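Good morning, colleagues. Please look at the sequence and the structure on the screen while I describe them.

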Protein chains: 2
Amino acid sequence: MHERERHRIILVEVSEKPVVTIAQLVERLGASEATIRRDVNFLHDAGKLNKVRGGAESLHPPISTNLVGRPFAISQTINAQAKREVAKAAAAMCEDGESIIIGGGSTAYMMAEYLKNRQIHVMTNSFVIAEYLLKNSKCSVTLPAGKLYREQNLILSPFPEDGSANFYASKMFFGAQGVGKLGVMETDPQIVQGTTRLLQRAEQRVLLVDSSKFAQRSSMIICELSELDTVITDQGIEPKMQKMLEATGCRLVIAPSTQVQ
Amino acid sequence: MHERERHRIILVEVSEKPVVTIAQLVERLGASEATIRRDVNFLHDAGKLNKVRGGAESLHPPISTNLVGRPFAISQTINAQAKREVAKAAAAMCEDGESIIIGGGSTAYMMAEYLKNRQIHVMTNSFVIAEYLLKNSKCSVTLPAGKLYREQNLILSPFPEDGSANFYASKMFFGAQGVGKLGVMETDPQIVQGTTRLLQRAEQRVLLVDSSKFAQRSSMIICELSELDTVITDQGIEPKMQKMLEATGCRLVIAPSTQVQ
DNA sequence: TTCTTAGCAATCATTTTCAATCATAAAAAT
DNA sequence: ATTTTTATGATTGAAAATGATTGCTAAGAA
């Protein structure tokens, strides 16, 4: 196996687990311990991962270890690296002093990490985002009214007068279950309702989806593609899908890869 | 198991339970007692958790503070104990399936601990109560809309349409800065506004104050004593104050002392 | 109070991990 | 074809982590 190939696999392993041991990597890659150590040292020097005694860990350790909803905890780990790149690009679109809305979804959640050292007015219906920003940032945080759903970690309300009507944001960032020609899709009708209500409070709508979401379909449409201002995704997006998005008139941002190719 | 992995798991355990013992962690992690102690010491030095005799507890305002062996002033300790007794008596007033509102204040906050194993519909403008109930109980949790204030850990909104209008509760439990002949008092006008708005959504109003609050005064009146249905306090209340309260027609509950004499 | 037990830090032996070194094999350059 | 460079694997002494033991202290019970 080639050196680059090993590096690539090591980074994937590291981004998916909080920590991998040298022994695990030896097993996974079939190389000697010495080689793995050299690889880990190299990637560490290159700033691609964090070396710890006994193995390596991600540069971005899971920000909230005390996640409540299992489904949420799981969805956070798949495609973690791509999601992080997307989230980083999204955070870069914000300026200090700006007012933004962040919706649910694990990609949007990762934005919180990149807003840590910023001063932004954030409205969110995601309880974990609120919790993280409250404890780790200087951002001001505003919540809509509603019931707290454990599985999705979202605040949702069946009533239209949920207090979000007084909020205005220049941008809203949100994730989704799937994206197709017909629009942006979610599974739960309550999530759709909560998201669309927030969407009306924002001037620009920015969709955050890792490229795997273009293959996903779901049952309920949040909004049409033409209603979006920007879509941020990772480099895995197919040219066909890229063309389709651009045809709808929305700006497509492909987050730069932070991985070794 | 890897060191980082242990640290991560310990932090999860600590954030999920009010207090976790060394023995529990030994069991959970399969490492020796010495190692666990070293880990706990490390995390303590790193400021990630609070070390207590026999184990570790969360850094964030632990609902159940270990009374023994704390360098707090004795009066403070007694106050905490009194608050806990009051909170326990308050929780005993609730029945499963009931809808209640819990306001801010440290006494009300302690109620959360006693609602852990209950099934109650709770609306609260206290972020920490919401967080605790979401993670540790089966209660359903509903929030009003508003901005999150870090110092008070409260959700407050200047707008009347904050989403609480659709909620109804049989009882509202709330604390206060001080209590006098003129009524229940608080310092911050925003807190007064938020509390009074919630008070209107409840059938019965239950005030939770440890007896030291009868000596306190403050600048803004939340409501008059005659508007209260019940006042719960501890055994430290003076007979004079007791008479005054009973004269207003509200029920006075003196929480039984749980302290060993 | 005094006694008993549980918790804790310090110590030491053992095991694991690590970086440096060397030797070999593969690849590249001459 | 030969030399040079590079990558890999094995070895080794040092450093770090772990687990068991011990003596001490604090908490709780009698």
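How many bridges join strand β7 of chain A to β8(A), and do the two run parallel or antiparallel? There are 3 bridges between β7 (residues 146-149) and β8(A), and the strands run antiparallel. Within this pair, A:Leu156 of β8(A) has A:Lys147 standing opposite. By pairing I mean that DSSP finds at least two bridges between two strands. Helices (H or I, at least four residues) and strands (E, at least two) are DSSP runs, numbered from the N terminus.

Before I continue, a word on conventions. This is a predicted model, in which local features need pLDDT of at least 70 and side-chain atom pairs count only at pLDDT 80 or more, while totals for chains, interfaces and linings use all residues. Residues are numbered from 1 along each chain as its sequence is written, chains are lettered from A and ligands numbered from 1 in the order in which they are written, and side-chain values use heavy atoms, with hydrogens and water left out.

I now come to the DNA. Around DNA strand C there are 16 residues, of which A:Arg37, A:Lys51, A:Gly54, B:Arg37 and B:Gly54 come nearest; a residue is near if one of its heavy atoms lies within 4 Å. Sugar and phosphate account for 76% of the DNA atoms within 4 Å of the protein. The α3(A) helix gives the most to this surface, with 3 residues.

Which polar contacts (pairs of N or O atoms within 3.5 Å) reach a phosphate oxygen of DNA strand C? Among them are a polar side-chain atom of B:Lys51, at 3.0 Å, and a polar backbone atom of B:Gly54, at 2.6 Å.

Notes. Polar contact = N/O pair within 3.5 Å; in protein donor to acceptor, adjacent residues only side chain to side chain.
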